[in-house]
Amino acid sequence: MATTHETPSTEADPGFGRARLEAISDGVIAVALTLLAFGIHPPTPAPGQTLWQAFDKQTLGEIGLFLLSFFMITRFWLLHHRLFRDLPEFVPTRFVIVNFGSLASLCLMPFATSTYSQNADDVTALAIYSIVIATTIILLTLLFQLTGNRSWRRSLVPPAVVLLAIPVGFVLGAQYAPFVWAALFLVGGDQIHRFRQSH
């Protein structure tokens, strides 16, 4: 059975209501998920070409990266939901600040996804995408830290895997980065939660 970690408010910091913070967090995440689809440009058939023939490598790449980013954000939401499940009614200001920082990073996901999908061979676009994902994961890890989790070293494995794609992109090419991110499936999206349960 998971141990509930309290983050009690003090008289100097009465904190903020968990319910309202969770509501706005869910809203931001929902908008970020929706905006991801705007980065997919529908194919335009050339004269004498069918719509099916117009689906080129660019369009397929945009769809593939959309699915990857969608998976990343939904995993973030699942962990975020588990985190809030154990919080007290009021949470301290520092937790609220870090939470909004993680949401700000997550809001950049549609931009980073479009940038990389439209510049799949550009290492700079790859770096932008990787840094946004890694920053979001790190801030989520910090949120767990603020609730009493002490296994942060192993919880940094996922962002390290994400950032590993940047040197791989320099050596092999930016288009090979998704193979590195596939390792996240092996690392496990709920790694942080499992470590938290064990402490």
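**Close-up views of a predicted chain**

**View 1. The whole chain, end to end.** Starting at the N terminus, the elements follow the order β-α-α-α-β-α-α-α-α-α-α-α-α. That gives 11 helices and 2 strands, where helices (H or I, at least four residues) and strands (E, at least two) are DSSP runs numbered from the N terminus. This is a predicted model, so local features need pLDDT of at least 70 and side-chain atom pairs count only at pLDDT 80 or more, while totals for chains, interfaces and linings use all residues. Residues are numbered from 1 along each chain as its sequence is written, and side-chain values use heavy atoms, with hydrogens and water left out. Of the 199 residues, 45% are buried (under 20% relative accessible area, 1.4 Å probe, protein chains only).

**View 2. Zooming in on serine 69.** Serine 69 sits in helix α3 (residues 57-85). Its relative accessibility is 0%, so it counts as buried. Setting aside neighbours within four places in sequence, serine 69 touches Leu36, Met109, Thr113 and Tyr129; contact here means heavy atoms within 4.5 Å.

**View 3. Helices α6 and α8, side by side.** Helix α6 (residues 123-146) packs against helix α8 (residues 157-172) at an angle of about 170°, and their axes are 8 Å apart. Axes are lines fitted to C-alpha atoms over the stretch in contact, and angles run from 0 to 180 degrees between N-to-C directions. That makes the pair roughly antiparallel (over 145 degrees). The residues in this contact split into 15 nonpolar, 2 polar and no charged. Nonpolar covers Ala, Val, Leu, Ile, Met, Phe, Trp, Tyr, Cys and Pro; charged covers Asp, Glu, Lys and Arg; the others, Gly among them, are polar.

Notes
Buried < 20%, exposed > 50% of the residue type's maximum accessible area, 1.4 Å probe, protein only. Parallel < 35°, antiparallel > 145°, perpendicular 65-115°, else oblique.
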